[in-house]
Amino acid sequence: MESASVPLPHGAGGHAADSHHHGPPEANQSSRIDRQTLGILLFIVSEVMLFGAFFASYFFLRVVVNPTAWPPKPFELPVGVAGMNTAILVSSSFTIHYALEAIRKGNKQGMKLGLVLTWLLGLTFLFVQINEYVHIGFSARLDSFGSIFYSLTGLHGAHVFAGLMLLTFATIRAFRGHFDKDAEKHLGVEVPGIYWHFVDIMWIIVFATVYIL
Amino acid sequence: MVAAFQRPGWYRAALGAVIAAALGFGLVVVLREISGLSAFQSEQTGYPQVIVPLIMAPFGFLLGIGCFDYWLRWAFGLPTIPEDHSSHGAHSWKDYFKVNTDHKVIGIQYICTTFVFFFIGGLAAMLIRAELAQPGTQIVGAGTFNSLFSVHAALMIFLFVIPVFAGIANYVLPLMIGAPDMAFPRLNALSFWMLPIAGLLFLGSFLAPGGAFDAGWTGYAPLSTGAPLGQSFFNLGVQFAGASSIATALNFLVTIITMRAPGMTFWRMPLLVWANLSTSLLVVAATPFIAGAQFMVFFDRILHTNFFQFGAGGDVISYQHIFWFYSHPAVYIMILPGFGIISEVISTHARKPIFGYRLMALALIGIIVLSYSVWAHHMFVAGMFSWLRVPMMLTTLLIAVPTGIKIFSWLGTLYFGKIHTKSTAMLFALAFIVTFTIGGISGVMLGMVPFDIHVSDTYFIVAHIHFVLFGGSVFTIFAGIYHWFPKMTGRMYDEKLGRVHFWGTLIGTWGTFIPMHWIGMDGMPRRVADYAAQFGNWNLLISCFAFMLGAVQLVFLYNMIVSWRFGPKAEANPWRANSIEWLVSSPPPIYNFDEIPRVVGGPYEFGIPGAQHAIMAGEGAEVPTGEPSVVGT
């Protein structure tokens with residue numbers, strides 16, 4: 001996530017504090033992809049593998065151990081509520097896309113609207129998720145099922161939270177007028193947006209595995 | 001005085017750590033009081049009043065030392081200050097103790113920090129050998145012994161071998177590809193500062209009630225889920241070390257892909273760059289698995305979840321699968337950068353182009369692909385699915401092929417080369433080929449299921465791991481340190497002391513670890529403080545060699561410190577190498593280059609008249625464009 005917020009280190013041709021030198025030379029750009037985008041994509045690879053570890057555990061606990069009831073009786077997962085929550089999160093992918101398309105055309109109001117909507121949808125998702133935890137009736141200590149249920153959904157929830165932080169930063173900067181039409185001037189919207197899409201897609205996989213499968 | 005606490009630095013770091021720890025402590029006490037629980041809980045696996053501050057204090061430290069200052073400004077929408085480079089480069093030794101964004105400073109910070117942990121881990125090894133010199137228990141009890149070998153391995157793996165390679169590459173890699181710095185200099189600084197935190201957590205576990213973690217560096221569940229508090233320190237330390245290496249790997253990948261100098265095509269990159277490219281791919285994709293495994297153990301310990309609790313539907317073997325899915329690729333994370341160093345050293349000191357340059361690079365890619373398919377060969381006796389054994393055996397044997405390609409290519413490079421050993425680096429590189437081959441062959445032996453069953457958990461395993469990790473990785477680290485010492489410090493080291501260090505290390509390594517193969521085949525179990533009297537003589541001999549091996553490292557330490565301070569000034573290119581880092585002064589200028597160099601040929605074209613790798617600013621203005629380079633393309 002940190003990589004998302006690193007501005008170009010050698011931008012703006014700043015003045016060196018060092019008296020005997022004029023500052024670093026501009027690095028050669030040897031690839032069409034910019035650093036921030038590549039950085040967030042690699043970070044997402046690493047995140048996918050973290051989820052992979054927990055999915056591996058999920059299938060060990062469910063398939064290899066093969067318990068008689070999954071989830072253990074008498075508990076049931078609230079598929080309806082989670083399905084509605086899925087719809088909320090998926091629609092937030094469209095709003096962040098709208099924000100990005102808006103700033104690409106130079107429409108700053110549209111970008112602000114898109115960012116705020118996304119932020120609110122993300123927050124709603126988290127709120128519903130926590131509400132679900134409160135009313136679900138079992139804890140992480142309910143056999144291995146409870147452990148992996150809370151780990152997978154909780155790990156995802158943590159990522160929604162991280163994504164929300166990135167969106168918060170982007171929104172603050174959007175309202176302070178930092179973003180503009182040029183590609184390198186709205187990386188601060190684009191990079192968190194990529195991360196947000198990842199969070200969405202990951203939720204669809206988590207939802208499909210934990211609630212439906 | 002107040003100002004000192006406002007500036008990024010050690011005062012603010014100490015303050016931040018204390019405040020964060022106090023916050024964590026207060027949080028636990030208040031929440032537990034509200035929930036009607038006793039504020040202090042000292043069950044083996046509990047101690048929330050220690051764990052929560054332990055999680056929070058590192059963040060307070062990082063915040064205080066100044067890792068996040070710039071990002072926080074950015075996050076809260078303040079105008080980004082024009083880059084002032086005030087935290088770039090070191091002007092006095094004090095700058096090495098600050099957050100610095102210069103890859104050269106960070107490289108040296110990495111190397112010095114990791115060597116501190118190397119010596120601490122080595123001290124643990126000396127204590128282990130002292131205890132094992134005689135049958136029975138003399139020096140330390142069985143519990144302390146378990147802690148010692150666990151801490152030894154954890155320090156050597158997570159705090160020495162993996163990060164020291166990151167340190168060496170941090171220093172030379174941007175120079176090699178003609179980049180002014182790494183792609184994300186502040187992330188680079190953060191990666192470094194997470195490292196001492198991991199080390200302090202590992203060492204701090206000695207202070208925990210119940211002693212340091214003692215489930216081995218593998219921390220198998222359910223041994224680890226029921227272990228005393230120290231195990232939680234291990235779980236957390238691994239998270240910090242892992243986050244550090246993921247961030248560095250990501251940084252290397254972005255740097256290599258987007259910041260190469262003009263003309264530096266993939267097929268003109270030095271093999272060290274290739275090696276770090278492939279290692280970083282492994283780190284980014286595999287390290288999250290150990291994070292996952294340690295999180296699960298941590299949850300089982302602290303939250304009493306049931307990932308590995310047999311009675312509650314947990315699966316014990318799943319820990320080993322998830323753990324080794326990282327930790328087998330990790331052995332390649334610990335050797336591939338070394339392969340890169342050896343390629344540089346051998347080609348330079350044999351004055352010959354690398355034999356089969358492209359195949360060398362492709363072999364690296366082959367190794368990383370295969371390394372994901374061999375993890376369960378660590379589990380032949382664990383009671384896993386029996387159908388998985390033979391496929392894992394086959395892939396394990398297969399991975400010897402790309403490794404063999406590399407060995408034979410080095411031999412091909414040496415063949416008819418003008419080999420000279422005026423540098424200790426070359427001695428270590430030559431010794432590495434032999435020692436690593438022995439370790440590699442015992443690895444193939446271990447890949448065979450029947451033999452592996454015979455020697456599982458014996459000293460044969462200890463011998464194998466040390467032949468590849470000490471005789472392999474650590475030899476390459478020494479080769480790298482000697483090779484780039486003139487570049488990093490601007491001074492020459494003492495070649496005579498280097499030779500003493502080399503021969504002592506070589507003889508010490510062989511004397512220590514060769515006999516371990518034999519006693520292992522005879523059935524001496526590893527990770528046990530006491531052993532049958534029949535192994536007494538061999539163990540005494542092993543301990544003597546081990547002490548010599550330990551003592552001779554002090555020669556290295558002395559040589560490095562004294563030469564850094566008083567050694568004769570080094571030229572820009574003492575080894576007459578071709579790659580770009582040797583074309584700048586020693587040590588390099590603060591921003592590496594005045595102008596980005598242009599690359600016009602392969603990096604290893606020794607002995608080819610008129611061949612050139614790169615053209616620096618101000619020289620050779622007229623370059624024939626499109627000149628085909630003879631080798632390495």
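## Predicted complex of chains A and B

Chain B has an average pLDDT of 92, and 97% of its residues score at least 70. The model is predicted, and the predictor assigns the complex an ipTM of 0.92 and a pTM of 0.93.

Over residues 621-633 of chain B, pLDDT stays under 50. The model has 27 contacts beyond four places in sequence for this segment. Where pLDDT is low, predicted coordinates should not be read in detail.

### The two chains

Chain A contains 5 helices and 0 strands. Along the sequence, its pattern reads α-α-α-α-α. Chain B contains 19 helices and 2 strands.

| Chain | Property | Value |
|---|---|---|
| Chain A | Buried residues | 39% of 213 residues |
| Chain B | Buried residues | 58% of 633 residues |
| Chain A | Contacts joining residues at least 24 apart, among those at least 6 apart in sequence | 76% |
| Chain B | Contacts joining residues at least 24 apart, among those at least 6 apart in sequence | 80% |

### Overall dimensions of chain B

Taken along the principal axes, the box filled by the C-alpha atoms of chain B is roughly 80 × 65 × 45 Å. The radius of gyration of chain B is 25 Å, which agrees with a compact globule, because a globule of 633 residues would have a value near 26 Å.

### Where chain B touches chain A

Between the chains, 60 residues of chain B are in contact with 54 residues of chain A. On the chain B side, the elements that give two or more residues are helix 4 (69-75), helix 7 (185-204), helix 8 (230-258), helix 9 (271-302) and helix 10 (316-333) of chain B. Helix 9 of chain B gives the most to this side, with 9 residues.

By residue class, the side of chain B that touches chain A comprises 37 nonpolar, 15 polar and 8 charged residues.

### Reading the model

How values were computed. Residues are numbered from 1 along each chain as its sequence is written. Chains are lettered from A and ligands numbered from 1 in the order in which they are written. This is a predicted model: local features need pLDDT of at least 70, side-chain atom pairs count only at pLDDT 80 or more; totals for chains, interfaces and linings use all residues. Two residues are in contact if their C-beta atoms, placed from the backbone, lie within 7 Å. Helices (H or I, at least four residues) and strands (E, at least two) are DSSP runs, numbered from the N terminus. Ala, Val, Leu, Ile, Met, Phe, Trp, Tyr, Cys and Pro count as nonpolar, Asp, Glu, Lys and Arg as charged, and the others, Gly among them, as polar. A residue is buried if 20 or more other C-beta atoms lie within 10 Å of its own, exposed if 12 or fewer, and partly exposed in between; C-beta atoms are placed from the backbone. The radius of gyration is taken over C-alpha atoms; the globule rule is 2.2 Å times the number of residues to the power 0.38. pLDDT is the predictor's confidence in each residue, from 0 to 100.
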